[in-house]
Amino acid sequence: MPAVSKGDGMRGLAVFISDIRNCKSKEAEIKRINKELANIRSKFKGDKALDGYSKKKYVCKLLFIFLLGHDIDFGHMEAVNLLSSNKYTEKQIGYLFISVLVNSNSELIRLINNAIKNDLASRNPTFMCLALHCIANVGSREMGEAFAADIPRILVAGDSMDSVKQSAALCLLRLYKASPDLVPMGEWTARVVHLLNDQHMGVVTAAVSLITCLCKKNPDDFKTCISLAVSRLSRIVSSASTDLQDYTYYFVPAPWLSVKLLRLLQCYPPPEDAAVKGRLVECLETVLNKAQEPPKSKKVQHSNAKNAILFETISLIIHYDSEPNLLVRACNQLGQFLQHRETNLRYLALESMCTLASSEFSHEAVKTHIDTVINALKTERDVSVRQRAADLLYAMCDRSNAKQIVSEMLRYLETADYAIREEIVLKVAILAEKYAVDYSWYVDTILNLIRIAGDYVSEEVWYRVLQIVTNRDDVQGYAAKTVFEALQAPACHENMVKVGGYILGEFGNLIAGDPRSSPPVQFSLLHSKFHLCSVATRALLLSTYIKFINLFPETKATIQGVLRAGSQLRNADVELQQRAVEYLTLSSVASTDVLATVLEEMPPFPERESSILAKLKRKKGPGAASALDDGRRDASSNDINGGVEPTPSTVSTPSPSADLLGLRAAPPPAAPQAPAGAGNLLVDVSSDGPVAQPGLGPTPEEAFLSELEPPAPESPMALLADPAPAADPGPEDFGSPIPEADELLNKFVCKNNGVLFENQLLQIGVKSEFRQNLGRMYLFYGNKTSVQFQSFTPTVVHPGDLQTQLAVQTKRVAAQVDGGAQVQQVLNIECLRDFLAPPLLSVRFRYGGAPQSLTLKLPVTINKFFQPTEMAAQDFFQRWKQLSLPQQEAQKIFKATHPMDAEVTKAKLLGFGSALLDNVDPNPENFVGAGIIQTKALQVGCLLRLEPNAQAQMYRLTLRTSKEPVSRHLCELLAQQF
């Protein structure tokens, strides 16, 4: 409401407000209001026409009465009449009344729209701004339909005042958020991008907000904003606080605009233009440098503005995930905030580091702060900060620190807030299984977990430990002994009884030789807990008893006495009664052989995704950003959860699985392994390690290869497999790959996991593994919207002669993908002979009735079938000389496009697939590698030499293979990585 002064003819309003404030009771206030309403009504209905200022005064009184909480059912027409006034104050009160009191269904909307249209056409900037503000405040669909086409023209008109442009941009943003379909995309979209170059900072700020919203649905239409946003950001970051005096907030130049620009850049991948990218990197480095400078003011507003820009900068660095130096610097900066006295900064630092922990470049840097994070978990007063600390410990965990983190989380669990205990339990269970050094530690951890927080241990957790113990012969005896000792505690949680009942029923015979755990002692210990348990646990214990009769015939009479007791045979619960009757009859009638057959040991469980991990993902929800399944591979130790010990022929560089923005894929389920009794493990496929079968049987390589073979016709899997298509569709049926397809493909040359493609609708994640000439790839399609995708059809296309070089077997996916959901597609790949072009992935679907399609290059390149080969120096040079023909060598000298870091270079060469040979090249700065390209038709030997020149920032790459096309192609692929 405008200010009231003596000169504006509003004295009556001031007196009325004063009377209301002086009322001593609610009744007095209502009486005064009713009197005033009667007076206003009589004035409006009087024969004498009111002048403008009287209408304004009475409308203001009605507005004030409405704001006090009283209903107003008249005066609307008078307010509409004020819109036609040529006086600013009268028109302002009319628009204010309409914005507050008129709803979208009012019969006056047509009259209001006519008045607004007249003001927009008046070219009076003050009246135009009032009209635009009214449209934005009401924001109804009717107004959107009436003015959605006019406002863009006002926004990009050359003669529009800065204040009008600013109001038009914000008004259009309001209409777009309310009814996106009403705002037409046209030639004005290209012109609105150039508002980022406007001289008026207010116009730029409003334009950035509008473009950020529009580009989320139509990213390609606004792609040109990247260079302009970088240019504007660069000018702001490099300016002094005195350069932008009107937009400097406590010595920080244009903090709100800087944050908006950084958020706009997060809507797109890194700039393709090298100059733009270099300028942006320079901006980001400048922001990080300024964060280290002493503050220019001690006021909290200064630090808030400075930190807002810093955290948004770090978010952009994390989003790009392509600049190792910036990622490490961002991690170090966040590490300083972990001990800041401001709670909010500590919370934000922990939250951002959770995302950094999933990056291959910054994971090690995050791990250096483990002691600080553990201390935060112990000492923080705010429960939300403690929860973020627990999330970060979970995200930074790997084999090197798993025991320390799990023990700290167990210790914290004893005093953790009840609201987060279940989540902590799930995380401890997942980490214990995923990074277990041996299964005895895993069993101890889970039993300790049940002891500490039994009420919060869900069925998924104790189901999982039973599955793993059942599938592992080498841990069954230890598990039986440990759970027997745990059951001897005076206060034993019911979940412990469930685990003990199952394990002793299956494997109690393994500890029966010890007099302290003889069969009668085992039965007596379990039965002492029987009367304290729920019906479900009693039913499980009855099954354990009948198992005991088979395992330990000497306990038969005692157990039959328990089953024969009236409390069992006449139990009120039908399930317990039926079990008691059937088990008693079975033990009495069946022969020993029949009993042994019926009650034989449980077969190994089929391999599938960890149900604990799935439960944690459901609990975190689709919007979770923390790395629930970072899938980092630790090549320094055995992956007992389904992996194999790395050898010179199987080692590969650690590479993280990307976070799919809260739509993180569930780990791909492994195919069922081996027949019953093979004792295979329930594989945790969230690790990057290849799937293998422990114990006797095929070697890891044979198991992997057999796993990728198509099922036999008579097998159940064959019945479930999709029939092969009649003919592979040609690439011309699906259009050309998107412009950035080559750039996206290059990101996967040296890694197997990550996000292949992402826009505002769809995210495609990849997780793959290769062995010899075979591979398996899991594609995860995530719907980032709240609207269901219809007719969702991903298709793999073989361009040219690729079908004779590469065989790809695909599984069909569901045709509908719900909003916020994710579907998985499995691809089995076989390299028949060397190839140069990758297969294409075409994705088609309907979103909101509109067809959508895109074609990408599938990240399957010839180096994926590299078999690393160790060679002595003498053998290497002998083979190097043998491959001395000109057509066998490919060499390239090129400029470094990334910082020349030896460790990063080494990691990329390992990720490329070759083995790195030490002490071979006379120059220790050079890198030498060897490997074999495995195809079904032949094997292609490959030797490489990479010579970096740090002073000139150049590389020379030389590759020699037995086939000329392979040499050239591998050289091109590898050179693009540096």
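Trainee: Which residues touch the most other members of the largest nonpolar core?

Mentor: A nonpolar core is a set of buried Ala, Val, Leu, Ile, Met, Phe, Trp, Tyr and Cys residues joined through side-chain atoms within 4.5 Å. Buried means under 20% relative accessible area, exposed over 50%, and partly exposed in between (1.4 Å probe, protein chains only). In soluble globular proteins, nonpolar side chains tend to be buried together. Here the largest such core has 192 residues, and Ile116, Val192 and Leu449 touch the most other members. Helix H12 (residues 201–215) gives the largest share, 11 residues; helices (H or I, at least four residues) and strands (E, at least two) are DSSP runs numbered from the N terminus. Another core, of 62 residues, lies apart from it and includes Phe757 and Val860.

This is a predicted model: local features need pLDDT of at least 70, side-chain atom pairs count only at pLDDT 80 or more, and totals for chains, interfaces and linings use all residues. Residues are numbered from 1 along each chain as its sequence is written, and side-chain values use heavy atoms, leaving out hydrogens and water.

Trainee: How many aromatic pairs does the structure hold?

Mentor: Rings of Phe, Tyr and Trp (its six-membered ring) pair if their centres lie within 6.5 Å; planes under 30 degrees apart count as stacked, over 60 as edge-to-face and the rest as tilted. The structure holds 24 such pairs. In one of them, Phe835 and Phe865 are edge-to-face, 6.3 Å centre to centre with 75° between the planes. Phe835 lies in the loop between strands S8 (822–831) and S9 (840–847), and Phe865 in the loop between strands S10 (850–857) and S11 (866–868), so the pair ties together parts 30 residues apart in sequence. Both Phe835 and Phe865 are buried.
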